[in-house]
Amino acid sequence: MIKVNNLTFSYTKKSFIRDLSFSVFEGEIFGFLGPSGAGKSTLQKILLGMLPGYQGSAIVNGTECREHKSDFYESIGVDFEFSTMYDKLSAKENLLFFSSLYGRKSRSVDELLRMVGLENDTDKRVSDYSKGMKSRLNFIKALVHDPKLLFLDEPTSGLDPTNSRLMKDIILEEKKRGKTILLTTHNMQDAAELCDRVAFIVGGQIFALDSPHNLIMSKGAAKVSYTWNDNGEQTASCPLDRLSEDKLLNKLIAENRLLSIHSSEPTLNDIFIEITGRTLV
Ligand SMILES: Nc1ncnc2c1ncn2[C@@H]1O[C@H](COP(=O)(O)OP(=O)(O)O)[C@@H](O)[C@H]1O
Ligand SMILES: [Mg+2]
């Protein structure tokens, strides 16, 4: 669905995105995970044909991105990071207007508004919407013409946990309906939960690309943490596959002195830090 080869792009004289290559397969949820300023939105904009001055190749839906014609936009839906609605129109008027721009049969606007819990605010002007409401409205705007490819830029950013859950369930539902979804996020929980594959992005570079499960397994040996009492509670840990070599642990076991012991796998966040040397914020 998307094939990027040796992609290089710069806003200034210095190249920002350097020599990126990756593919996104039909029907998968593919994530760009990285901290703010990593280049996630820039990459999406290149794939949308909004930044045609790149080198290398970026093919979406069979066409080189710098050559996209307007019919390309019939097949994609975009949820930009910032609201792209007309403030003076109501939510419903906005959706009806945007759906009228497409040749394709549109989905029911009322149904979409209900899906994100805005059924009682359909006639409210967007200027009177809260940030979270705008974000949900912006999201369903991407679905209105039922496109096969969705670009979602930080879809859960700024949402409370309930609405964030709602959006994630809808995204997974869209995947079940056969959509291909490319999303950006700086939230590792979202990436781990939603994405079939994730690219770690920092400074315009991909540092790793795999399924969240494989990324976690590739680096992270599971760890065992334990506590004991020695003038107050003490804590130590050791890799799960080296327990027999941990002299202290074995001594504590022999003396029945352990207060607690548990094993844990690293999170995607731990792996991100280990691979990129950066945190996700
Ligand atoms: N239009 C622009 N002109 C110049 N620099 C830009 C422009 N848009 C983004 N940048 C810079 O490119 C870098 C990556 O931005 P962006 O792709 O928005 O990152 P992310 O989405 O990962 O937070 C940032 O340093 C940002 O300041
Ligand atoms: Mg961004």
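These are my notebook entries on a predicted model of a protein chain with a ligand.

**Entry 1, overall**

I started with the whole chain. I counted nine helices and 13 strands in the protein chain. Along the principal axes, the C-alpha atoms fill a box of roughly 75 × 45 × 35 Å. Of the 281 residues, 34% come out as buried. I also looked up how far apart in sequence the contacting residues sit. Among contacts with a separation of 6 or more, 67% join residues 24 or more positions apart.

**Entry 2, the six-stranded sheet**

Next I traced a sheet of six strands, which is open and has mixed pairing. I read its order as β6-β7-β8-β3-β9-β10. Which strands stand at the edges? They are β6 (76-79) and β10 (205-210); each has a single partner strand, so one side of each is left without a neighbour in the sheet. I noted an average twist of 15° from one strand to the next.

Then I checked one pair inside this sheet. Strand β3 (residues 29-33) and strand β9 (residues 197-202) run parallel and are joined by four bridges. For Phe30, I found the bridge partner in β9 to be Arg197. I also looked for a helix on this sheet and found α9 (residues 268-276) packing there, in touch with β3, β9 and β10. The direction of α9 makes about 45° with that of β9.

**Entry 3, the three-stranded sheet**

I moved on to an open sheet of three strands, ordered β12-β11-β13, where the pairing is antiparallel. Its edge strands are β12 (233-239) and β13, each of which pairs on one side only. Direction ignored, neighbouring strands here are turned by 15° against each other on average. I counted six bridges between β11 (residues 223-229) and β13, which run antiparallel.

Which residues have the most contacts inside the largest nonpolar core? That core has 60 residues, and the answer is Leu33, Leu112, Ile140 and Ala191. I followed up Ala191, setting aside its neighbours within four places in sequence. What remains in contact with Ala191 is Gly31, Leu33, Thr185, Val198, Pro212 and Leu268.

I listed what surrounds ligand 1: Tyr11, Phe16, Gly34, Ser36, Gly37, Ala38, Gly39, Lys40, Ser41 and Thr42. I sorted this shell into three nonpolar residues, six polar ones and one charged.

Asp146 has one, near 50°. I placed Asp146 in the loop between α4 (131-141) and β7 (149-153). Is Asp146 buried, exposed or partly exposed? With 15 other C-beta atoms within 10 Å, Asp146 is partly exposed.

Asn256 also has a positive phi near 50°. I found Asn256 in the loop between α8 (247-254) and β13 (258-264). Asn256 has 6 C-beta neighbours inside 10 Å, so I put it down as exposed, given that 12 or fewer is the cut-off.

Methods
Residues are numbered from 1 along each chain as its sequence is written. Chains are lettered from A and ligands numbered from 1 in the order in which they are written. This is a predicted model: local features need pLDDT of at least 70, side-chain atom pairs count only at pLDDT 80 or more; totals for chains, interfaces and linings use all residues. A residue is near a molecule or strand if its C-beta atom, placed from the backbone, lies within 6 Å of it. Ala, Val, Leu, Ile, Met, Phe, Trp, Tyr, Cys and Pro count as nonpolar, Asp, Glu, Lys and Arg as charged, and the others, Gly among them, as polar. A nonpolar core is a set of buried Ala, Val, Leu, Ile, Met, Phe, Trp, Tyr and Cys residues joined through C-beta atoms within 7 Å. A residue is buried if 20 or more other C-beta atoms lie within 10 Å of its own, exposed if 12 or fewer, and partly exposed in between; C-beta atoms are placed from the backbone. Two residues are in contact if their C-beta atoms, placed from the backbone, lie within 7 Å. Two strands pair if DSSP finds at least two bridges between them. Axes are lines fitted to C-alpha atoms, for helices over the stretch in contact, and angles run from 0 to 180 degrees between N-to-C directions.
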